[in-house]
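Please read the following account with the sequence and the coordinates side by side, beginning at the ligand and moving on to the packing of helices.

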Amino acid sequence: METVVSGIRSTGNLHLGNYFGMVRNAVKMQQESNCFFFIADYHSLTTHPNPADMHSNIRQILAEYLACGIDPEVATLFIQSDVPEVCELYLILNMNAYKGELERTASFKEKVRRQPDNINAGLLTYPVLMAADIIIHRAHKVPVGKDQEQHLEMTRRFARRFNTMYNVEYFPEPDAYNFGEQLIKIPGLDGTGKMGKSEGNGIFLTDPPAEIRKKVMRAVTDSGPTRRNQKPSPGTANLFALMEILSDPSSVDYFREKHASCEIRYGDMKKQLAEDIISFTTPVRERIESILADPGYLRRVVDSGAEKARESASRTIREVREIIGYRQF
Ligand code: TRP
């Protein structure tokens with residue numbers, strides 16, 4: 001069975017874009033592969049979060065993944081910092097990661113632009129830690145979005161470099177997990193691009209119904225079609241796209257016909273869409289709340305995840321040490 005590793009950013013509050021883009025696929029993937037899902041809380045140190053935020057972010061994102069259907073009995077769900085073995089592999093890989101290649105990484109250059117007063121070494125070596133995360137479980141596949149492809153390429157390079165240096169075939173070179181058609185992009189409600197946290201146009205799984213209604217009612221549309229079968233404007237097309245994903249096909253057909261015949265009332269369409277989003281998010285939101293109210297359950301999940309992940313990681317470290325020449329007397 002293939003091993004899959006996936007790192008989850010530790011800033012919580014999943015929105016519909018995260019859910020339909022990634023999380024839903026992760027839930028499916030856990031049935032088919034040996035999955036390691038972890039919250040990348042070492043990586044998050046690059047931005048210097050305060051301790052209280054660190055803890056509450058981890059707790060929140062953990063509860064959200066569990067509520068979305070990651071099953072800790074099936075997948076290995078753990079917190080990165082509970083498996084300090086990864087730090088040792090990170091240190092080892094750093095010895096063969098070169099300043100030039102790290103400085104050329106797109107994500108590093110972006111950070112240099114965005115946070116010029118905090119260009120720390122952790123940022124520079126971010127791809128090395130990510131490589132360690134992946135190869136410590138000797139993964140074959142990594143589900144990544146476009147923005148992580150370069151990191152994955154570097155992971156392959158670091159794995160290959162280790163193998164070549166020690167003349168072994170120890171680390172597999174992991175490939176991107178290709179979702180193909182299943183990767184659905186959720187549009188934003190502001191008439192442009194995709195839904196994103198930093199774009200400020202997200203509908204979050206934790207949003208209460210009133211908040212969802214408010215956000216949907218504010219969505220950008222237009223002054224209405226004036227010709228039969230007119231192509232919807234970008235904002236209106238986004239509403240239809242969301243309906244396609246979340247609403248009953250009969251509602252989609254109904255509003256498409258109303259649009260085609262220029263009789264559509266966007267207010268009615270938004271009301272319908274808001275209720276359909278609420279029907280989808282309500283059970284998830286309630287599960288998140290009940291999980292957060294059960295610290296004993298969270299502790300058991302985290303402890304058993306750490307135990308399973310450390311078993312796999314410590315085996316790799318033992319073998320890597322042997323390969324490198326750290327041997328017993
Ligand atoms: N860099 C990834 C992101 O920003 C998170 C991440 C860290 C990751 N380590 C990983 C993803 C290992 C996949 C595998 O989303």
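How far is a nitrogen atom of the ligand from an N or O atom in the side chain of Asp 133? In this predicted model, the separation between that ligand nitrogen and the side-chain N or O atom of Asp 133 is 2.8 Å. A ligand nitrogen also lies 2.8 Å from a polar side-chain atom of Gln 148, while an oxygen atom of the ligand is found 2.9 Å from an N or O atom in the side chain of Arg 9. Asp 133, Gln 148 and Arg 9 belong to the set of residues around the ligand, which also includes Gly 7, Phe 38, Ala 40, His 43, Tyr 126, Met 130, Ile 134 and Val 142.

From the ligand we turn to helix packing. Helix α1, spanning residues 16–32, and helix α12, spanning residues 266–292, have axes that come within 12 Å and cross at roughly 65 degrees, which makes α1 roughly perpendicular to α12. The crossing of these two helices is left-handed, and the contact is formed by Leu 16, Tyr 19 and Phe 20 from α1 together with Ile 277, Phe 280 and Thr 281 from α12. Sorted by class, this contact of α1 with α12 contains five nonpolar residues and one polar residue, with no charged residues.

Helix α12 also packs with helix α11, residues 249–260, at an angle of about 165 degrees and with the axes 11 Å apart, so that α11 is roughly antiparallel to α12. Here too the crossing is left-handed. Ser 251, Phe 255 and His 259 of α11 meet Tyr 266, Asp 268, Met 269 and Gln 272 of α12, and by class the contact of α11 with α12 has three nonpolar, three polar and one charged residues.

Definitions and conventions: Residues are numbered from 1 along each chain as its sequence is written. This is a predicted model: local features need pLDDT of at least 70, side-chain atom pairs count only at pLDDT 80 or more; totals for chains, interfaces and linings use all residues. Side-chain values use heavy atoms; hydrogens and water are left out. Axes are lines fitted to C-alpha atoms, for helices over the stretch in contact, and angles run from 0 to 180 degrees between N-to-C directions. Helices (H or I, at least four residues) and strands (E, at least two) are DSSP runs, numbered from the N terminus. Angles under 35 degrees count as roughly parallel, over 145 as roughly antiparallel, 65 to 115 as roughly perpendicular and the rest as oblique. A crossing is left-handed if the near helix is turned anticlockwise from the far one by less than a right angle, and right-handed if clockwise. Contact means heavy atoms within 4.5 Å. Ala, Val, Leu, Ile, Met, Phe, Trp, Tyr, Cys and Pro count as nonpolar, Asp, Glu, Lys and Arg as charged, and the others, Gly among them, as polar. A residue is near a molecule or strand if one of its heavy atoms lies within 4 Å of it. A polar contact is a pair of N or O atoms within 3.5 Å; within protein, one must be able to donate a hydrogen and the other to accept it, and residues adjacent in sequence count only if both atoms are side-chain atoms.
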